[in-house]
Amino acid sequence: MLHFLRIRHLSWALALLPLASWAQPASRPPARAAALPQAITEALNAELFYEVLLSELSTSAGDPGTGYALMLDAARRSDDSALYRRAVEIALQARSGDSALAAVRTWKNAQPQSRDANRFLLQILVALNRTGDTAEPLRQELAYTAAPNKAAALQAIPQLYARTSDKALAASVVEQALQDALNDPALSAIAWSTVGRMRLAANDPMGALAAAQTAQTLSPSADNLALLALELVAEGVSAAEPIVTRYFEGHTTPDMRLAYARSLVGQQRYAEAAVQLDILTKEKPDLPDPWLLQATLQVQDNRLDAAQASLQRFTALAEQLPQEEARKAGLTQAYLLHAQIAEKRQRFDEAEAWLARIDNSDELFGAQVRRASLLARQGRLSHARALIQSLPAATPEDERMKLSAEVQLLRNAQQYQDAYELQGRLVALAPQDNDLLYDQAMLAEKAGHQEVMEQLLRKIIARQPDYHHAYNALGYVLADRGVQLEEARQLIEKALEYAPGDPYITDSLGWVQFRLGNLSRALELLESAYKKRPDAEIAAHLGEVLWTLQQQDAARNIWREGLRQSPDNEVLQGTLRRLGVQP
């Protein structure tokens, strides 16, 4: 099966739902310090007091260099930690990282057991991208951390190093600093999960997988391990799937189950996501976010009554929450979904009424795009395009979003040539984006440019050999044309290696087996795909195999189900016309 990657009506709903948050590292030094405590001021002798006062006056007068030098000298002579801290803060306030580092190192040398000095040293080294020098300060910071807080401190480490330029070096340094934790039975699973996240950030998914597998042997029910495994699965590391499965077979928190559902949606594994959301809404019916994501999936499946019920439940729960941005954003997404449901039912005035309720400035773009869709559905495509084109674009990303929305309008209106040409402009704005190139290939196929489509897909495969969508699309199109069937089979099987069990790819393999004349194998594959994803196009293929096997009643039943899901599906409608069937 061919399908476009951008599920645009899902993207905004997914952005709403929170991922589990990591514990934050120690707070960074404030840009400006408060006045020195009175007890310290009283303890200074007259000479030191004058030097500190002169330092502050110099800093306030716009001469932080002099202020810094005086404060650091006073700190050395008094060996006072508050004065060392203030010298560091003056340097940071003046944006002089090297001076701040010199001051904190002087402080650390003078007071080697000071946790504050060590913490400042670690954070400044990271900020200055001196990653290789951070192993010992990190080790000491963990040693200073009280036992009840060590797990949270370990989980915070990847965030601490998030902006370092050399992620591979950071991963190596962290693993070196965590040796004690890696050998501590109480902490080893969390420590290995942290190592795995650092390796994943360093673009070493196999190393991250090895760390996750080690952590699983130590504590298979750890939340942080499950989060790492979810990240790996989302990156296409299918070998991490058993870790996720094992975790969710046991006890889990609602936040983790929601994170799993989000991950599944991100991989377009909608049926599995729906299972998790069904469990979650039954176990925790008073949580609003799962209802909204469930409604999004139900709208995509054209289960409009169920989606409306989920939205009503979400709205009732959300309206009980405090008046915060998250509540406002959630209700906005619900209004957009209500509008989409009304549009699908061709109740355009009702859809417009829902859109009129949106007053969230951050979502006005989405509301205008939906209004454009309403205009297009009423045969006013030129007005719809004009509305999209009139939207402001303050950044290149805004311009890409506008073009993408306009392409979607044209595609929905089956204006494939215009959509293909406009997608070319979009690709020109981000020529290395393989997702955009893939969508261009799909539009080329719809517009009748078969050779162009094949060239684009082969280009993607050459640039990104693990891009399974391209293998699947190319194999499917060859199979659909009835040409190069052996190559088509190999391409689709390659796609399945990267995305095992994907129902769309399984559908493609079933279709090529049908073209090869292997009817029993085709039936087996297509029934499996349809069970996972009752999609109208899969229904078209499954029904045709059943029809060929002289199982006409079963074929008609499947086709009727497909039409209920998507009455306008081109592949299904084309199949029925070609076979001359009225289901």
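What share of the contacts in the protein chain with a separation of 6 or more comes from residues 24 or more positions apart? Such residues account for 55% of these contacts, where a contact means heavy atoms within 4.5 Å.

The model is predicted, so local features need pLDDT of at least 70 and side-chain atom pairs count only at pLDDT 80 or more, while totals for chains, interfaces and linings use all residues. Residues are numbered from 1 along each chain as its sequence is written, and side-chain values use heavy atoms, with hydrogens and water left out.

Begin with the whole chain. The C-alpha atoms fill a box of roughly 100 × 50 × 50 Å along the principal axes. Of the 583 residues, 50% are buried (buried is under 20% relative accessible area, exposed over 50%, partly exposed in between, with a 1.4 Å probe and protein chains only).

Most residues other than glycine have a negative phi. Gln414, however, has a positive phi of about 60 degrees. Gln414 sits in the loop between helix H24 (396-412) and helix H25 (416-429), and is partly exposed, with a relative accessible area of 47%. Phi is also positive at Gln484, near 45 degrees. The loop that holds Gln484 runs between helix H28 (468-481) and helix H29 (485-498). Gln484 is partly exposed, at a relative accessible area of 42%.

Note on methods. Helices (H or I, at least four residues) and strands (E, at least two) are DSSP runs, numbered from the N terminus.
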